[in-house]
Amino acid sequence: MRATITALATVCFLASYADGAIYLRDEDGSAGLQLGNCISALEDQDGDGSWELLVGAPGYQASGQDRGRVSLWFGGGQFSLNADLTWTGLFPEKFGHAVSRVGDVNGDGVGDWAVGAPLASDINNNAGRVYVFYGDDPLPTEADLVIEGPLVNGQFGWSVAALGDFNGDDRDDFIVGAPFANSPSIESGSAYIFYGRNGDPHTTPDLTLDGAIAYEHFGWSVAGVADFLGGNANCLAVGAPSHETGSTAIQGSVYVYGGTTSSNPGPDANADLVLQSSAVATANNEFGFSVAGIGSYDGDG
């Protein structure tokens with residue numbers, strides 16, 4: 001199944017259908033949950049023809065410990081007040097800091113999703129972790145694949161996004177950001193691409209992208225941006241909101257990479273385009289703090 005890259009808007013949380021809007025909440029109603037820190041649509045999982053909704057709450061606590069939680073609401077008909085399913089992380093990993101549909105990364109014909117836990121520290125302190133869940137019937141109660149961050153303090157899983165078929169092998173791929181990775185410079189940041197496969201994706205990245213300068217936090221945001229460069233291949237964008245442009249003023253940058261329509265030789269790690277804010281004189285813009293694909297906005301196909 002080839003997934004379509006979609007962009008998401010916003011979500012609010014309460015318990016009503018006021019003025020046509022749908023308001024959802026966490027069933028505990030506790031302070032500090034950070035419910036809605038990230039949201040993602042998810043391909044139909046229960047066979048009713050409607051997509052589902054995933055919502056992260058990285059501030060969720062259990063037994064006084066910061067664990068994080070992700071909730072799923074089934075689409076179609078009337079939303080229930082409380083989530084239909086929830087998954088809880090481990091202390092102190094901030095499970096649910098990022099959540100995203102990732103397409104069908106294991107080749108079984110059902111859409112999958114990934115959850116970032118950037119403060120996971122089992123292997124290296126704050127190396128981060130990403131949990132991949134395969135869509136199925138019934139839905140999994142725990143992750144099918146766990147990917148550990150490769151670098152101490154990298155905070156792998158800070159951001160996650162679907163790429164569609166980025167390397168031209170007719171399988172869906174995804175990207176994970178680690179904006180505090182010290183490679184090649186201090187907190188220059190990195191982003192890691194994982195190619196989908198029949199069975200399981202690799203737990204080591206198929207392609208690594210690195211920031212250009214120290215402290216730019218490359219990988220703070222990541223997104224699939226479809227055919228942005230005008231070829232036939234899917235593209236991706238990586239935000240580096242702390243990039244300093246020509247002075248000590250933080251302007252921020254967004255790096256765009258083109259994929260390929262053939263897996264041989266496949267994409268490379270060189271940015272094809274670097275976008276920067278037009279407000280050159282404005283310090284602390286943090287351009288690239290968030291990034292999303294929006295389809296063909298100007299109608300050129």
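Reply: Two strands pair if DSSP finds at least two bridges between them. The strands themselves are DSSP runs (E, at least two residues), numbered from the N terminus. Before going further: this is a predicted model, where local features need pLDDT of at least 70 and side-chain atom pairs count only at pLDDT 80 or more, while totals for chains, interfaces and linings use all residues. Residues are numbered from 1 along each chain as its sequence is written, and side-chain values use heavy atoms, with hydrogens and water left out.

Now the sheet. Four strands make up an open sheet, ordered β15-β16-β17-β18, with antiparallel pairing. At its edges sit β15 (221–224) and β18, each of which pairs on one side only. From one strand to the next, the twist averages 20°; axes here are lines fitted to C-alpha atoms, with angles running from 0 to 180 degrees between N-to-C directions. Zooming in on one pair, β15 and β16 (residues 235–240) are joined in the antiparallel sense over four bridges. Val222 has Val238 in β16 as its bridge partner.

Next, the loop between β17 (253–258) and β18 (273–276), which is where you'll find Thr260. Leaving aside residues up to four places away in sequence, Thr260 touches Phe166, Asn167, Gly168, Ala233, Gly266 and Pro267; contact means heavy atoms within 4.5 Å. Phe166 is 94 residues from Thr260 in sequence, yet their C-alpha atoms are 6.3 Å apart in space. As for Asn167, its backbone oxygen is reached by the Thr260 side chain at 3.4 Å.

On to strand β11. Six of the six residues in β11 (residues 159–164) are buried, so the strand is largely enclosed by the rest of the structure; buried means under 20% relative accessible area, using a 1.4 Å probe and protein chains only. In a regular strand, side chains alternate between the two faces of the sheet. Here Ser159, Ala161 and Leu163 point one way from β11, with Val160, Ala162 and Gly164 pointing the other way. β11 pairs with β12 (residues 173–178) in the antiparallel sense over five bridges, and Ala161 stands opposite Ile175 of β12.

One last stop: Asn106, in the loop between β7 (98–103) and β8 (112–117). Asn106 is buried, at a relative accessible area of 10%. Its contacts, again skipping residues up to four places away in sequence, are Asp112, Tyr134, Arg197, Asn198 and Gly199.

Definitions and conventions: Polar contact = N/O pair within 3.5 Å; in protein donor to acceptor, adjacent residues only side chain to side chain. Buried < 20%, exposed > 50% of the residue type's maximum accessible area, 1.4 Å probe, protein only.
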